[in-house]
Amino acid sequence: MSVLLEVRGLHVEIPLAAGVLKAVRDVSFTVNRGQTLALVGESGCGKSLSALAVMDLLPPRARRRAEHLHFEGLDLLKVSTRRMADLRGNKIAMIFQEPMTSLNPCYTIGNQLQEAMLRHRKVSRKEAQDRAVFLLEKVGITAAASRLRQYPHQLSGGLRQRVMIAMGLMCGPAIIIADEPTTALDVTIQAQILSLLASIQKEFDMGLLLITHDLGIVARLADRVNVMYCGQVVESGEAREIFGNPLHPYTQGLLGCIPIPGKTKTGEHLGSIPGVVPTPIGDLKGCAFRNRCAFLSNACTAEDVVLREISNDRAYRCFLSPETCEQNLLGRST
Amino acid sequence: MSEPILEIRNLTKTYMVDMGLLKGKRPLRALNGVSLSLEKGQVLGLVGESGCGKSTIAKLILRLEEMTGGGILFDGKDVSAINRTELARRIQPVFQDPYASLNPRKSVISIISLPLRVHKVGDPGSWKGRVEEIMEIVGLVPRLKNSFPNQLSGGQRQRVAVARALIMRPEIVICDEPTSALDVSVQSQILNLLMDLRKDFGLTYLLISHNLAVVEHMASRVAVMYLGRIVEEAETRSIFRNPRHPYTRALLDSVLTPEPGLGLPETHLGIVYPNPIDPPPGCTFHPRCAYAQGRCRFEAPVLTPLYSSKVACHFPL
């Protein structure tokens, strides 16, 4: 399994009037070929900014800092702006949440599909057009050739998201970054778009970096998961492990919040996490989750918590021992 | 079975849609003969894809729009005969987006007390006390009362919306996607709050949602809508155990629960939601239905009782 994207010690800071907002703090992850890594967390946890930082697409005032940021052996911290532009939409493709705002309403589908390919590859218009038709058919759009002349507003939300996926595939990328790819869609369409992403990823042997707040999607699609809270990774590991045996109190709490037909009882209280996510401005000593945590101790306020590795592929950011965490989980379900 | 508090009879709503310059207008039938009844203390879940007409029903009940045909009876009386102020006192909405449904230029206390001022309840001196009381009930700390919506988190805003809906002690609350804009940890807080309030105040909810897991958790009965019609209605338990309509089945299959290893569901639904201006003939679901047969293409099924459910399908599962 070859490593495509390797991120270590990524920080994103945004200077604001109230102080410096530490939006992403010491985030590390690896995306391998043919693998899906999910960054999951609630709004404001820094998952989208982490992805934008990798692409060097941060808002103007945000500052990026990292120990190590490699894509296919290339150091992204050192490449020129021009070289980075050669990668975007070419080797690294991105699919955004809202297909209506990320497609240009003034240009036809065909025009927008071909643009990236004409920019990155030495191909004729005819070749780019053939590729566009091929990919539209691949993502399940009927009458593909005639769609090229249509404008985004003539398509439904599900079709637009399919067009976005086709657009990402035009140059045969090594990795796709999908930021909330189905949040704007109906549940029935969501399942289809996710199946499509999964099958295309397998077929073209790509890496997929999936960013979502929806644990259901993560469970069904991801191989590995990074749970994020307040700019930090609080737990990481194989999807099966994270969902089967969550260790961090936040992950446990989050899973307890979700109603599951047939498992949670109708009309009974769902689990909940009291309070709100703090804003990471100023001095951030101690555990970011402590104010909402049921297992607060003195150490949580006094010291920073390090991401503790308990096996090769599993880590969590809490002072409690794995055994205590497991017992806490049992306590929750009874 | 107790008396229904709200009864919807054969409700239709047609919008005239402008087809473009010189092309005239065409009718869009958003609701096509919907009948529903809501019993006191019940939670009725209304589910379906976007554009199926669920929010139109909410608007018609609240009389934010006028119905084209049919009727709505509230406590046995036609809503169009009830004074609008009185109706607003007894039926209140909570909308999806707390960012859009609260006036950004008014403080929390002013937003929550607006119904008291409109209905001129009691003397102005008692209003502050009532606002503080309801804020405590919905879990808002009193110091927030002079804050503005942009200073609140999404969950707090939705609590303000709930407080505003409840301050007049309505009988029915229409929750239109009350948690869709919220994070999961906040969603569960709001759902728990809504369930407690229902018990404490004896409220009746019409819960509109596209999230079936939420509906299953909250509702006692569920009605599934497709293209302006109800295709299946049953007790929550039976609809989740034995969906009779292929569309209900597909919706249930599409729910992604956080259980790894189950993989992604195959819904066989086809990729295109039909255009409501040109609905397909016969059963409107047939182009997306895996079980469709010849009869489905020209004969529209009617909602008929089947075991404990009501289903509109020629070949129920």
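## Strand pairing in chain B

In this predicted model, strand β1 (residues 4–18) of chain B pairs with strand β2 (residues 25–39) of chain B in the antiparallel sense over twelve bridges, where pairing requires that DSSP finds at least two bridges between the strands, and where strands (E, at least two residues) and helices (H or I, at least four) are DSSP runs numbered from the N terminus. Within this pair, B:Y15 has B:L28 of β2(B) as its bridge partner. The two strands form a hairpin with six residues between them, and B:G20 in the turn has a positive phi of about 120°.

β1(B) is also joined by five bridges to strand β4 (residues 69–74) of chain B, again running antiparallel, and here B:E7 stands opposite B:L73.

## The loop residue B:S220

B:S220 lies in the loop between α7 (212–218) and β9 (221–226) of chain B. B:S220 counts as partly exposed because 16 other C-beta atoms lie within 10 Å, whereas a buried residue has 20 or more and an exposed one 12 or fewer, with C-beta atoms placed from the backbone. Leaving aside neighbours within four places in sequence, B:S220 is in contact (C-beta atoms, placed from the backbone, within 7 Å) with B:Q42, B:V43 and B:T236.

## Numbering and confidence

Residues are numbered from 1 along each chain as its sequence is written, while chains are lettered from A and ligands numbered from 1 in the order in which they are written. Because the model is predicted, local features need pLDDT of at least 70 and side-chain atom pairs count only at pLDDT 80 or more, whereas totals for chains, interfaces and linings use all residues.

Technical notes
Contact = placed C-beta atoms within 7 Å.
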